[in-house]
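Subject: Structure for you to look at

Hi there,

Here is the structure I promised to pass on. Please open it next to this message, and my notes follow below.

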Amino acid sequence: MNIDIKKVAKLSRLKISEQDIPKFERDMQSIVDMVDKLPDVSDLTLSLDRNDPMVLREDVIGASVKRTDMLKNAPQVEAGCFVVPKVVEE
Amino acid sequence: MNLYELTATELSKKLASKDCSAVEATKSVFDRIEEVEGKVEAYLAVTKEEALNKAKEVDEKRAKGEALSPIAGVPIGIKDNICTKGVLTTCASKMLYSFVPPYNATVIDKLCSQDMVMTGKLNMDEFAMGSSCENSYFKKTKNPHNLSCVPGGSSGGSAAAVAAGEVFLSLGSDTGGSIRMPASYCGIVGLKPTYGSVSRYGLVAFASSLDQIGPFGRCVEDVAMLYSAICGRDENDATSVICKYPRFTANCTDIRGLRIGLPKEYFGEGVDAEVKKAVTAAVSELEKAGAVVKQISLPSTDNALSAYYIISSAEASSNLARFDGVKYGYRTESFDGLIDMYEKTRSEGFGDEVKRRIMLGTFVLSSGYYDAYYKKAKLFQKRISLEFEEAFKGCDIIITPTAPDTAFKLGEKVSDPVKMYASDICTVTVNIAGLPAISVPCGKDSKGLPVGMQIIGAKFTEQKLFDVASFYEALTGGPQKVVHVPV
Amino acid sequence: MEYEVVVGLEVHAELNTKTKIYCSCKNAFGGEVNTNICPKCTGMPGTLPTLNKQVVKSAVKMGYALNCTINNVCKQDRKSYFYPDLPKAYQISQYDIPLCEHGYVDVLVNGAQKRIGVTRIHIEEDAGKLLHDDSFSGSLVDFNRCGVPLIEIVSEPDMRSSAEAKAYLDTIRSILQYLDISDCKMQEGSIRCDVNVSVMKKGAEHFGTRVEMKNVNGFSGTVRAIEYEAQRQIEALEKGEEIFQETRRWDDVKGKNFILRSKEDAMDYRYFPEPDLGTIVVDEKELKRLKDSIPELPNKKQMRYISEYGLPEFEAGLLVENIEKAHFFEDCVALNICEPKNILNWLLGDVTRILNERNCEISATRLTSKNLTHMIALIDKGIISNTAGKTVLEVIVDADVSPEKVIEEKGLAQISDTSALEAIAQEIIAANQKSIEDYKKGKTNVLGFLVGQCMRASKGQGNPTVLREILLSIIEKN
């Protein structure tokens with residue numbers, strides 16, 4: 001299996017410089033080659049375990065968190081909001 | 001003898017009997033940090049002032065006769081991927097160079113309510129991805145046994161600090177061996193608990209279905225004490241398991257009849273001869289003490305590494321997608337529009353190993369490849385779990401080497417990711433199957449570097465692991481001594 | 001060439017739970033920006049989701065209401081994409097095993113019943129909001145809406161017109177209200193829609209190429225969007241152009257849609273099972289309890305009102321829209337002392353007018369089914385006039401007194417005594433001799449005028465039916 005590094009990088013929102021592409025390609029390829037050697041497991045199936053149910057949360061309102069605490073790690077803040085470069089709404 | 005050389009349990013007893021104060025113990029630790037940290041470089045942040053204040057508070061509580069936890073006043077270090085309210089939590093990444101969480105991880109809340117004295121935050125491979133601690137953005141931690149060697153990873157700082165006497169106990173996290181492997185390299189004890197027994201809330205996620213927080217110490221009893229303090233069901237973590245969590249002990253004096261399984265796949269070609277020899281010798285000791293040793297087979301072991309890299313990278317690619325320069329941490333200086341901001345921030349903020357895994361994970365989840373990679377790996381996970389289940393029908397514990405080798409030289413494997421990944425070959429199966437495993441020192445190789453023995457149990461059999469490990473420890477001279485670091 | 005439109009809808013409805021889907025933040029609309037958030041719903045490092053029990057219950061109820069199979073053992077999945085309103089860069093949703101699937105709903109369209117298939121209903125989290133302000137060079141992000149629980153209801157492509165789509169949406173909305181699981185406030189965006197439209201030649205065996213439209217808010221917007229898109233596709237086909245599988249964005253202000261992305265740029269969402277959450281298991285006992293809690297639903301009610309009581313489709317639809325009014329109607333009918341149609345007219349007429357004026361529900365007044373039906377029965381018997389009935393209603397809305405008592409106190413009883421009324425009629429005819437001639441010339445509508453004059457002379461208490469008969473007999477004798 002060959003990996004299209006540029007495509008995968010785009011999907012990952014990573015910018016890989018042209019000169020780094022061969023290195024990543026080589027590294028990734030060796031990992032994928034290792035993975036490609038996995039033997040057949042088609043005799044098994046994945047199923048959910050009804051005997052292991054998740055505990056659900058009760059619908060009860062909890063303590064609130066101060067906005068200043070929520071915003072203080074943000075690189076850019078304006079009018080109580082996180083700021084991103086201008087986007088055209090989808 | 002300096003206070004920092006005591007084990008945590010010895011210190012705990014001295015504190016309880018007021019033979020020494022928490023402030024004295026804490027000062028002793030910070031003196032030791034002053035002395036050797038320049039060589040070892042285990043800490044990313046030292047919280048000396050807060051630690052001394054806390055130690056003073058604990059001494060006052062004790063003076064008033066309050067009932068205190070065994071860990072009260074014991075200095076503990078925390079891996080830097082565990083969120084600490086008001087204290088920088090960077091995951092050793094440029095991406096989170098400035099992140100100060102407004103909340104504590106559940107384990108931190110638990111330890112704080114038991115009067116932990118936190119000494120600081122410990123170095124690691126960036127986002128816990130690595131086996132040598134060399135992937136830290138900030139510094140390279142050294143192995144106290146040989147400063148030109150790596151401490152192992154990813155919890156290298158946590159292991160090195162405990163080995164060097166820079167702290168009594170520490171917490172690490174283990175996704176594919178990140179506690180056990182550095183414990184092995186640094187010659188201390190490290191436990192990877194059963195998946196779901198320690199809350200992951202507040203542990204910055206690498207691979208959610210494999211990550212577990214666990215303790216390091218210089219003896220089994222220390223590890224049992226810290227594990228008792230952090231385990232338990234947490235309603236903030238939907239994957240944490242409801243069951244009875246006792247207070248764990250480590251004083252077993254009889255292992256007669258214990259059935260030990262030795263899986264042949266873990267003693268094969270990829271494992272260093274000296275390591276094999278040390279582990280086999282340790283097993284012989286146990287056999288002499290009355291244990292029954294059986295050769296077993298876990299045939300899927302050879303493929304576990306591939307399955308591990310698919311599952312962990314897939315989850316990592318998703319868990320690390322939130323680092324985008326909007327809510328916290330690093331944002332690139334100049335950019336042209338949203339997508340450019342995302343791409344530059346992430347490319348500049350993450351190191352190469354993290355990028356490699358994000359891309360691998362993105363690839364195996366992407367349209368057209370999911371079944372061939374991710375789904376297949378999940379099926380393999382099931383097979384590996386079934387093999388362990390079967391094996392535990394015939395034995396109580398399984399013993400293997402913790403790592404295929406001993407600590408390697410800094411820089412030795414950085415250029416070859418696959419070679420680096422092979423360091424995890426003995427540990428990943430345990431995470432894949434969600435089992436508990438402990439690494440205990442079992443001698444040294446000809447270079448004087450420690451060898452680790454891994455004891456694996458069925459789910460929620462931590463007590464059995466402590467029993468066997470403590471029995472072996474007592475047989476071989478007791479707790480590990482603080483390593484002499486040439487300064 | 002005649003074309004047929006094929007429509008499928010994906011409805012996103014916000015649930016009215018107390019807390020968000022994966023954290024204990026209050027689930028509320030509005031509020032100052034970023035005040036209703038916590039480390040969990042904003043996906044801060046290390047935080048984990050915990051699933052709200054009520055969300056599962058509400059979704060299962062909707063599943064039963066739409067005749068679905070309930071997958072009571074299921075899981076959640078991550079749907080990944082980068083966008084500033086999605087703080088984790090993935091949405092926790094459900095992929096291959098939705099909580100509910102294989103259902104249907106019957107709707108009424110112009111008198112005919114139509115069955116629309118429901119492919120699936122799944123639970124997921126809402127995203128935040130982007131705020132744009134021209135005075136500022138960036139966009140602002142408000143995460144208050146992050147983690148608000150949603151159910152996504154996906155229909156089969158079973159609708160063949162915008163009218164059918166409208167009927168489907170109206171039905172879905174009233175069912176959500178009947179189950180009391182969503183506030184259904186359009187202007188607050190608590191129900192949103194993605195619309196899939198294709199066209200095919202009438203009688204064709206295969207559907208045309210499907211186009212997805214995003215950003216369709218409000219039900220009238222949906223109708224406009226479908227009509228616009230169908231017309232666009234028909235015009236393209238008539239010109240011999242090809243329809244491309246693409247996603248378009250509806251602009252309700254401009255009344256047009258624009259291409260958002262083509263099939264080649266289709267998003268790769270990289271779905272995989274959410275590792276931070278375990279298996280959702282709804283046990284049999286709980287399933288039964290939820291199933292038993294489903295009331296008779298508005299669409300079923302409407303059809304029953306039409307067949308059982310002979311109510312007209314449109315009015316029956318209006319009546320069932322408000323669950324309280326429908327229940328009140330049924331209480332009235334059960335007393336069996338007046339015609340269901342008369343009850344309907346009073347409920348939709350004067351009762352609704354009063355409620356609208358007061359902006360309240362029936363339960364906020366003192367009106368009882370007993371008093372209302374008694375009042376109507378008195379009109380039916382000719383004891384009071386319709387006009388007098390309105391006066392009675394104004395009283396019994398605010399006090400639990402018998403209509404008879406109100407009539408007595410206010411002197412509202414009609415005069416049906418023939419001799420008294422004959423005297424009035426004679427008087428009126430004497431004063432309007434010309435109208436008798438007009439009537440005989442064929443201008444029969446003067447009779448109404450004369451009845452009116454008599455009513456006025458009787459101060460509204462004359463029985464108009466009796467008066468009409470008396471007037472006719474006098475005219476004929478003349």
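**The sheet in chain C**

In chain C, nine strands form an open sheet with mixed pairing, in the order β2-β6-β7-β10-β1-β11-β12-β13-β14. Its edge strands are β2 (69-70) and β14 (256-262) of chain C, each of which pairs on one side only. Please keep in mind as you read that this is a predicted model.

Within that sheet, strand β1 (residues 3-14) of chain C pairs with strand β10 (residues 149-155) of chain C in the antiparallel sense, over five bridges. If you want a spot to look at there, C:Glu10 stands opposite C:Val154 in β10(C). Helix α3 (residues 219-238) of chain C packs on the sheet, where it touches β1, β11 (191-201), β12 (211-217), β13 (246-251) and β14 of chain C. The direction of this helix makes about 25° with that of β11(C).

**Where chain C meets chain A**

On the chain C side, 41 residues are in contact with 31 residues of chain A. Which elements of chain C give two or more residues to that side? They are α1 (53-65), β8 (129-132), β9 (138-142) and β16 (280-281) of chain C. The largest share, five residues, comes from β9(C). Sorted by class, the side of chain C that touches chain A has 18 nonpolar, 14 polar and nine charged residues.

One pair to find on screen is A:Pro85 with its bridge partner C:Gly138 in β9(C).

As for α1(C), this helix has 13 residues and reaches 19 Å from its first C-alpha to its last, close to the 18 Å expected at 1.5 Å a residue. α1(C) is mostly covered, with 11 of its 13 residues buried. Among them are C:Lys57 and C:Lys61, along with C:Val55, C:Val56, C:Val60 and C:Met62. Just after α1(C), C:Asn67 takes a positive phi of about 55°.

**A helix in chain B**

Helix α3 (residues 48-63) of chain B has 16 residues and spans 22 Å from its first C-alpha to its last, close to the 22 Å expected at 1.5 Å a residue. Its buried residues are B:Ala51, B:Lys54, B:Ala55, B:Val58 and B:Asp59. Seen down the axis of α3(B), the buried residues fall within an arc of 140°, so they line one face of the helix. They pack against α2 (22-40), β2 (75-79) and β3 (117-122) of chain B. The face of α3(B) turned away from the buried side carries the exposed residues B:Glu49, B:Glu60 and B:Ala63. Just after α3(B), B:Gly65 has a positive phi of about 85°.

**A phenylalanine in a loop**

B:Phe206 lies in the loop between β5 (189-192) and β6 (212-217) of chain B. Is B:Phe206 buried or exposed? B:Phe206 counts as buried because it has 26 C-beta neighbours inside 10 Å, and the cut-off for that is 20 or more. Leaving out residues up to four places away in sequence, B:Phe206 touches B:Phe127, B:Ala128, B:Met129, B:Thr175, B:Asp211, B:Ser312, B:Ala316 and B:Asn319. The C-alpha atoms of B:Phe206 and B:Ala16, 190 residues apart along the chain, are separated by 38 Å.

Note on methods. Residues are numbered from 1 along each chain as its sequence is written. Chains are lettered from A and ligands numbered from 1 in the order in which they are written. This is a predicted model: local features need pLDDT of at least 70, side-chain atom pairs count only at pLDDT 80 or more; totals for chains, interfaces and linings use all residues. Two residues are in contact if their C-beta atoms, placed from the backbone, lie within 7 Å. Helices (H or I, at least four residues) and strands (E, at least two) are DSSP runs, numbered from the N terminus. Ala, Val, Leu, Ile, Met, Phe, Trp, Tyr, Cys and Pro count as nonpolar, Asp, Glu, Lys and Arg as charged, and the others, Gly among them, as polar. Two strands pair if DSSP finds at least two bridges between them. Axes are lines fitted to C-alpha atoms, for helices over the stretch in contact, and angles run from 0 to 180 degrees between N-to-C directions. The expected span of a helix is 1.5 Å times one less than its number of residues. A residue is buried if 20 or more other C-beta atoms lie within 10 Å of its own, exposed if 12 or fewer, and partly exposed in between; C-beta atoms are placed from the backbone. The arc is that of the directions from the helix axis to the C-beta atoms.
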